[in-house]
2 protein chains.
Amino acid sequence: MSIRLTILGCHSATPRAKAYPTSQYLEINNHHFLIDCGEGTQRQMRKYKVGFSKINHIFISHLHGDHFFGLIGLISTLGLLGRERELHIFGPKDIKKMTLMQLKITQSHAKFPIQFHELSSKESEVILDDDKVTVKTIPLKHRIYTNGYLFIEKEKPKNLHIDNIKNYPEIDRADYLNIKAGKDILLPSGEVVPNSELTLPPKKPLRFAFCSDTAYKPNIVPLLRDVDLLYHEATFLDDRKDLAKKTMHATTKQAATIAKDANVKQLILGHYSGRYKDISEFKEEAQSVFTNSHLAEPGKVFTVL
Amino acid sequence: MSIRLTILGCHSATPRAKAYPTSQYLEINNHHFLIDCGEGTQRQMRKYKVGFSKINHIFISHLHGDHFFGLIGLISTLGLLGRERELHIFGPKDIKKMTLMQLKITQSHAKFPIQFHELSSKESEVILDDDKVTVKTIPLKHRIYTNGYLFIEKEKPKNLHIDNIKNYPEIDRADYLNIKAGKDILLPSGEVVPNSELTLPPKKPLRFAFCSDTAYKPNIVPLLRDVDLLYHEATFLDDRKDLAKKTMHATTKQAATIAKDANVKQLILGHYSGRYKDISEFKEEAQSVFTNSHLAEPGKVFTVL
């Protein structure tokens, strides 16, 4: 049970010599997810040694170029690499129409199936649910239909409390699976041993929330309650809060306020406007509201165990 | 009268950490052209200090991703930069449909007009002709409809042969424009001084030809005759000529043979396959056929005066 998040790009608007638009690679409970895919993402994946083949799910927050213009190039590359396994793409309506047109016009060699999951709900919904994770949308507030994503590890089976189990020689190893599954044990004597005596609670499932792009939207706080790791955009410092409001982005203090109100464990900031040459002030300003705030930077890895 | 060519990207297929797909910035006779626009081109433009605002014409050779996936990102950035001036885009049919769909779906802010010049002819044709340059297509042979481009400086007016003019005190400065325009001069005496005596020939107009992607296609040689600078793709070394033929690309020796047969002055190679870690062999192999062969490399500038 662990989260490992690699920042591939974390700047807003336009790629520059050392500024890559949004993309993150999330490893969670043996899933490998790509979140957003700005222009140049595949180059950043090569640079930071992110495996192309492990990714089976791509989540696109919204259809502004700095969040998805790298998608068609990545899909084409997967085709050139000989991929055969199905790829799932989650994103707003029209992502399918556009991608298929690009593949057709470029006479792409991509032979693997692509399953598009087009989103249009304004309420949070479960969009992926398997034995490893649950993924929910986080409806955001931007100039165009936008979702954040909440990634939740599936609860693990309980751990055996071996010391206590040894007190009951009648309990056989064959019972262990039942005990892990939460069942009480009936002894030959007729005594029932409650499961709580035979098990230790499993490690709490970890959660990561990705929120970009968005204006300050306090009503997402309940969805983010107590998450282990929150990425929240902070395009501007507090001195530009009027511009943030106008462009439907957040300021550092607003991102930190969301983190504080939701009692998250750690906050990552990103999506910095190109007008700031030095991003260190983003961290200082956020920490004045929420201490455990950190800066996204290309290649930086955040790990939660 | 000069050519200055900046290589922005020169590798084939997929962007890698230090390998950018095709894009070149051509300054010729005060025009600023972008030729092809693979993913990451705008980042390379920033890196190599290529001005965004001077470009009014973009030429796309063909609709494979490594030659145009950066186009929509560049157009979006021009919009964010507040461009108002018209942009001309030359490329194969469908480039308009795809670009307009991308702009619509992304709700782009690009407010400047875009004039699409969709190409479909299989014969060379003049696609731009103004007071500075003429641009012709070079029909190439690839898996998809592809054109190279031939850029020809416009002939300058003749230069005044001042020493000879001084022999005729009757010739006034007011006549100089007529002399530069090629006219003979009638003296008050009735004598006609032929223009050839009063002028020196202007510098020969320079020519640059861009040929990528293409299989070996000897029938382009007449179009390339004596050009000052030729870029010709060389995806493979001679050892992979079978693969070159199959994928409709050229080998180094084939590119050099085109250069030699067309008697060009200088050859630039590029579009190297990712399978070659060291590209120095491309130069050696080409030079065994055509001495003045050089390697395209990101950021490298080729100048012809």
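At what angle do helix 10 (residues 252-261) of chain A and helix 11 (residues 280-287) of chain A pack, and how far apart are their axes? The angle is about 45 degrees, and the axes lie 8 Å apart.

This is a predicted model, in which local features need pLDDT of at least 70, side-chain atom pairs count only at pLDDT 80 or more, and totals for chains, interfaces and linings use all residues. Residues are numbered from 1 along each chain as its sequence is written, chains are lettered from A and ligands numbered from 1 in the order in which they are written, and side-chain values use heavy atoms, with hydrogens and water left out.

Helices (H or I, at least four residues) and strands (E, at least two) are DSSP runs, numbered from the N terminus. Axes are lines fitted to C-alpha atoms, for helices over the stretch in contact, and angles run from 0 to 180 degrees between N-to-C directions.

| Helix pair | Angle | Axis distance |
|---|---|---|
| Helix 10 of chain A, helix 11 of chain A | about 45 degrees | 8 Å |
| Helix 4 of chain A, helix 4 of chain B | roughly 160 degrees | within 11 Å |

Helix 4 spans residues 95-105 in chain A and in chain B. Angles under 35 degrees count as roughly parallel, over 145 as roughly antiparallel, 65 to 115 as roughly perpendicular and the rest as oblique. Helix 4 of chain A is therefore roughly antiparallel to helix 4 of chain B. Lys97(A), Met98(A), Met101(A), Gln102(A) and Ile105(A) meet Lys97(B), Met98(B), Met101(B), Gln102(B) and Ile105(B) in this contact (heavy atoms within 4.5 Å).

Helix 4 of chain B has these buried residues: Ile95(B), Met98(B), Thr99(B), Met101(B), Gln102(B), Leu103(B) and Ile105(B). Buried means under 20% relative accessible area, exposed over 50%, partly exposed in between (1.4 Å probe, protein chains only). They pack against helix 4 of chain A, and also against helix 2 (65-68), helix 3 (71-80), strand 5 (87-92) and strand 6 (114-119) of chain B. Gln107(B) follows helix 4 of chain B, with a positive phi near 50 degrees.

Back in chain A, helix 10 and helix 11 are oblique to each other. Thr252(A), Lys253(A) and Ala256(A) of helix 10 touch Phe282(A), Glu285(A) and Ala286(A) of helix 11.

Thr251(A) sits in the loop between helix 9 (241-247) and helix 10 of chain A. Thr251(A) is buried, at a relative accessible area of 0%. Beyond neighbours within four places in sequence, Thr251(A) contacts Ala234(A), Phe236(A), Leu237(A), Asp238(A), Lys241(A) and Ala244(A).
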